[in-house]
Amino acid sequence: MEFTCLSKGRGSHFPPCHILNLGGIKILLDCPLDLSALTPFSPVTTAFYALPSLEEDKVDANNDVGSMAVPAKRQKIENQPENKTLIFAEPWYKTVMNLHLWNPSFIDVVLISSPMGILGLPFLTQMKGFSAKIYATEVSARLGELVMRDLVSMHKELKQFYGPTETDFPVWLRQEEVEKIPSVLREIILGKDGTELGGLRPLYSEADVNDCVLKIQKLKYAEEVCYNGILVIKAFSSGVEMGSCNWILDSPKGDVGYLSNSSFISSQVAAFDYQSLQGTDALIYSDFSTLNSTEDVEDEENESVQLADKLLMSSHGLVGLYHNAKEDSEEMEKLAFICSCAIESIKGGGSVFIPINQFGIFLQLLEEVSKAIDASAMKVPIYIISSVAEDLLAYLNIVPEWLSRQRQERLFDGEPLFDHVKLLEDKKIHVLPNIHSEKFWMHSREPCIVFCSHWSLRLGPVVHLLQRWHKDPKSLLILEGGVNPQLALLPFKPMAMKVLRCHFQPGIGLHRVRPLLETLQPKTLLFPEEFRSHISFPSEKFCSVLYYAEGETSKVSCKDGSELKIPATLASNFYWNAFKEQEINLARLNGELIIENARYHLLLDNTEKNSNGRTNSVSFRKPELEKLLATFSNFGINASVEHQKMNSESQIQCVIHTADPYKAVIEIGTSSVVITTAGENVASHLYKALDSVLKGN
């Protein structure tokens with residue numbers, strides 16, 4: 001088995017990406033987009049207000065297409081980036097580093113672990129030669145499809161603003177223009193040494209999204225699917241997002257577990273099903289979000305032992321383990337604090353703006369904010385602005401198998417899974433397709449609360465609303481953790497409105513990683529190099545640990561041999577030949593070897609002999625001629641040697657004729673002995689005599 005880490009990702013919006021070669025099957029684990037690479041680009045609103053007036057600037061007819069969108073000639077700037085140093089052009093999108101170096105025709109299987117892990121897939125499905133089988137949970141596939149459609153819809157505004165380009169290679173990517181970009185922004189686009197340039201692509205179209213979605217085979221929770229008879233694939237909840245999963249891959253050479261971004265704190269979604277990963281031959285640990293955790297890891301040894309015991313004893317009581325009271329209360333305190341800040345801004349006459357795109361957090365915030373408004377006895381409209389908002393809210397209410405038990409119990413009680421259903425009926429929330437909706441501008445009133453895309457603050461309704469409210473000190477902007485506020489808010493400076501940054505779901509948590517892995521007990525663990533200084537493993541009573549790094553390939557030895565299932569009816573008929581010198585036993589049989597559900601099966605062949613009437617046997621030695629003639633004599637068979645001469649064409653060394661009591665011809669060659677006779681019984685009798693010589697009896 002070979003494992004290559006293409007990218008360790010950056011947070012929930014850009015999950016890791018890997019290539020796994022398992023018994024000759026090349027598997028791509030996730031295909032995300034790095035949307036943080038949009039940061040160096042100017043949003044439409046900033047570019048519009050930065051346009052030079054016709055009286056101030058005369059544009060030369062020989063200037064490059066798109067120069068109208070540049071407010072002034074950028075000089076090479078190495079200090080802190082400013083608004084005018086942004087790229088005023090239609091952005092390109094950044095795929096996984098190093099993925100473009102792989103031949104797409106060599107990829108056999110693609111596994112999508114989360115809705116965000118699918119965003120780069122249309123780039124791959126368009127490539128010549130790509131024919132891999134794509135698997136994703138039905139929820140990840142649907143949510144990922146909605147995110148891609150929303151991304152295409154938001155990008156259209158940029159495309160319309162900048163207009164068509166005359167060349168396939170944009171002006172801003174020319175060497176002289178790239179050098180003028182401040183180093184901090186240039187590194188985001190091209191990487192530290194410029195090697196990530198090959199991953200930049202113009203965004204795909206809606207038709208590309210449609211084609212991509214049609215190629216995905218959608219799986220239900222824990223559904224088992226078999227690829228090509230040799231690889232069994234199963235998905236289990238990771239506890240992070242609806243539809244997000246970990247994978248079990250079962251092959252004749254052993255089973256491999258893939259542990260993606262996971263969380264024990266899952267009050268909204270189905271709990272982290274870590275037990276399905278227990279006892280694998282190899283486990284790939286790929287939850288890099290744990291490194292961003294700020295949890296205290298002191299006294300790790302004592303806590304690890306206690307937690308490992310709890311994990312081992314939790315097979316019949318999973319819910320109690322997953323929900324740590326302290327951590328649950330911390331998450332609820334975060335939500336309560338956000339709501340209190342929102343209410344405070346509303347009371348002060350300001351509006352609240354929430355560009356959060358994690359589905360579970362979005363739904364939870366929506367419910368808690370609406371409850372806080374009701375408790376304050378204020379009438380404040382809540383707007384959800386997105387081209388896919390209506391479809392998204394409708395779909396999220398029909399996937400109970402990917403939700404927590406608390407949510408599922410609401411379904412059994414005849415209630416909607418989420419509160420937004422009733423809020424829509426009571427017209428407390430309003431769903432709009434875009435910011436230019438007539439309904440929004442005619443009926444909106446302030447202060448209000450707005451949920452919308454996009455968290456990067458470069459696309460969609462967010463840029464228009466920020467342009468409107470960024471100078472209002474009474475208004476509040478709530479950002480997700482992981483977003484660099486200094487760079488994200490660069491186009492809207494000077495900022496007067498308040499900004500609140502919130503971190504959610506830090507992953508498994510550093511203090512849980514070691515006891516979890518001790519509980520899972522894989523034979524081999526592939527572990528990120530970045531964790532080496534944070535987590536140590538005991539030298540005894542633990543599995544083999546292989547550390548991997550980004551851009552490197554690790555080789556893992558698989559188990560020796562493969563299991564072979566033989567029916568009892570066939571095994572009982574084996575006639576074993578023992579070879580003492582080689583210390584092996586051989587049996588002669590007619591059967592069919594097939595592979596099904598990652599297991600080899602040997603089936604009985606009803607035809608006991610082949611079409612030409614010959615039977616076959618295997619030996620590791622040549623018969624000695626003198627001993628063979630003596631054995632024939634002991635069996636009462638008269639035999640004579642016709643010649644003992646090498647024939648270069650047939651490779652026959654000698655031919656023996658028997659006349660009494662059986663008439664037959666025995667041809668002895670360099671690698672085989674062929675008995676030719678008119679009767680099957682005669683051939684069987686001669687075979688026994690020959691077999692006794694070959695066994696050395």
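**Group meeting: a predicted protein chain, from surface to sheets**

Good morning. The protein chain has an accessible surface of about 33700 Å², and carbon and sulfur atoms account for 50% of that surface. Accessible areas here come from the Shrake-Rupley method with a 1.4 Å probe, and for residues only the protein chains shown count as cover.

This is a predicted model, in which local features need pLDDT of at least 70, side-chain atom pairs count only at pLDDT 80 or more, and totals for chains, interfaces and linings use all residues. Residues are numbered from 1 along each chain as its sequence is written, and side-chain values use heavy atoms, with hydrogens and water left out.

I begin with the overall composition. The protein chain contains 20 helices and 31 strands; these are DSSP runs numbered from the N terminus, helices being H or I with at least four residues and strands being E with at least two. Of the 697 residues, 49% are buried. Buried means under 20% relative accessible area, exposed over 50%, and partly exposed in between, with a 1.4 Å probe and protein chains only. Among contacts between residues at least 6 apart in sequence, 69% join residues at least 24 apart, a contact being heavy atoms within 4.5 Å.

Seven strands form an open sheet with mixed pairing, in the order E8-E6-E5-E3-E2-E1-E22; two strands pair if DSSP finds at least two bridges between them. Strands E8 (216-219) and E22 (553-555) stand at the edges with a single partner strand each, so one side of each has no neighbour in the sheet. On average, neighbouring strands of this sheet are turned by 20° against each other, direction ignored. Axes are lines fitted to C-alpha atoms, for helices over the stretch in contact, and angles run from 0 to 180 degrees between N-to-C directions.

Within this sheet, strand E5 (residues 109-112) runs parallel to strand E6 (residues 133-137), and four bridges join them. Val109 has Lys133 as its bridge partner in E6. Helix H3 (residues 138-162) packs on the sheet and touches E6 and E8, its direction making about 95° with that of E6.

Leaving aside residues up to four places away in sequence, Ser554 touches Met1, Glu2, Phe3, Tyr547 and Tyr548.

Next, strand E17 (residues 449-452). Both of its faces are covered: Ile449 and Phe451 on one side, and Val450 and Cys452 on the other, are all buried. In a regular strand, side chains alternate between the two faces of the sheet. Strand E14 (residues 352-354) pairs with E17 in the parallel sense over three bridges, with Ile354 partnering Phe451. Strand E15 (residues 382-385) also pairs with E17 in the parallel sense, over four bridges, and Ile385 stands opposite Cys452.

Now a loop. Lys474 lies between helix H15 (461-469) and strand E18 (476-480), and counts as partly exposed because its relative accessibility is 41%. The C-alpha atoms of Lys474 and Ser351 are 7.4 Å apart, although the two residues are 123 apart in sequence. Beyond residues up to four places away in sequence, Lys474 touches Ser345, Gly348, Gly349, Gly350 and Lys498.

Finally, I return to the surface. Leu593, in strand E26 (residues 591-596), counts as exposed because its relative accessibility is 57%.
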